[in-house]
Amino acid sequence: MVTGGSRGIGRAVCIKLAEMGFSVLINYHTNRQEADITLQLVQEKGGQGEILKFDVSSQDEIEQALGQWKMTHDGDYIQVLVNNAGIRHDALVMWMKNEEWHDVINTNLNSFLYVTRFLLKEMLLKKMGRIINVVSLSGLKGLPGQANYSAAKAGVIGATKALAQEIAKKNVTVNAVAPGFIKTDMTKDLDEHQLKALIPMGRFGKPEEVAAIVGFLASSEASYITGAVINVNGGLYT
Ligand code: NAP
């Protein structure tokens, strides 16, 4: 399952996992049309997929949607969870509204607990699972104007490392991927020309370049990697 699979990095991850032979559950929040396009792209790769709508910041919606999915898919279980859905609401701390803080924390951090906890039990029972959290350079370095987003992503990085140790013996790995600047809807309001001058590779990354490492972490080849945070940022180190 890929949260926020309708667009951007999530869509590229859905396609990558489909290419690897996984049946993909594509989560979205509001953009059904884009989720349909992701499903079509998954099917064009010869893969199978389903669309599942829920708001990752709402425990009720998650439990209802995933509970329903379980009831209609007896015997199936979600082996790979990619916690990818995320939002930005940038503001300087001085001017940040409570709502901007809480929305970003709920969607980027609290969602980790709600979705992961729901799916974890079965991974542990089956002694096989992969949890991959899409975090950010912002959570490692801190970026001005993003205290809410940096805090949320840093929180997920801490949770990744803690959970990895809790469940390592059960053959369930937990890792994080930290992109720098990737060309998606999330970054379309940024001044790419100015920012790319800071990036050693001199360009924004592509969603497929993030999806490649997510695919590797989901594979059996990554069986001894857990608690890691992997940068995908064109050399823009912290
Ligand atoms: P994007 O193009 O804006 O897409 C965001 C995705 O998240 C969409 O599929 C959206 O669904 C979904 N989403 C947002 N709020 C949601 C909610 N409450 N419940 C369920 N789904 C929700 O973003 P992106 O650039 O691909 O980012 C994906 C992840 O990478 C995020 O966690 C982001 O923080 C992280 N990241 C991105 C960059 C970058 O430069 N792009 C850098 C570092 C980290 P709808 O289509 O339904 O709205």
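Visitor: Which elements each supply at least two residues of the lining of the largest cavity?

Guide: Helix H4 (98-126), strand E4 (129-134) and H6 do. The model is predicted: local features need pLDDT of at least 70, side-chain atom pairs count only at pLDDT 80 or more, and totals for chains, interfaces and linings use all residues. Residues are numbered from 1 along each chain as its sequence is written, and side-chain values use heavy atoms, with hydrogens and water left out. Helices (H or I, at least four residues) and strands (E, at least two) are DSSP runs, numbered from the N terminus. H4 gives the largest share of the lining, four residues.

Visitor: What makes a space a cavity and not a pocket?

Guide: Both are found on a 1 Å grid over the protein atoms alone. In a cavity a 1.4 Å probe fits but cannot get out; a pocket is an open set with protein on both sides within 12 Å along at least five of seven lines. Lining residues have an atom within 4 Å of a point. The structure holds one cavity of 30 Å³ or more. The largest cavity has a volume of about 90 Å³. Its lining counts 14 residues, with Asn83, Asn84, Ala85, Asn108 and Ser111 closest to the centre.

Visitor: What volume does the largest pocket have?

Guide: About 980 Å³. Volume here is the space filled by probe spheres set on the points, which are joined across faces, edges and corners. The lining has 43 residues; Ala85, Gly86, Ile87, Arg88 and Met186 lie nearest the centre. H1 gives the most to this lining, with three residues.

Visitor: Why is H1 called roughly parallel to H2?

Guide: The axes of H1 and helix H2 (residues 32-44) come within 9 Å and cross at roughly 25°. That angle makes H1 roughly parallel to H2. The term covers angles under 35 degrees. Axes are lines fitted to C-alpha atoms, for helices over the stretch in contact, and angles run from 0 to 180 degrees between N-to-C directions.

Visitor: Which residues make the contact?

Guide: Arg11, Cys14, Ile15 and Ala18 of H1 meet Glu34, Ile37, Thr38, Leu41 and Val42 of H2. Contact means heavy atoms within 4.5 Å. By class, six are nonpolar, one is polar and two are charged.

Key:
Parallel < 35°, antiparallel > 145°, perpendicular 65-115°, else oblique. Nonpolar A, V, L, I, M, F, W, Y, C, P; charged D, E, K, R; others polar.
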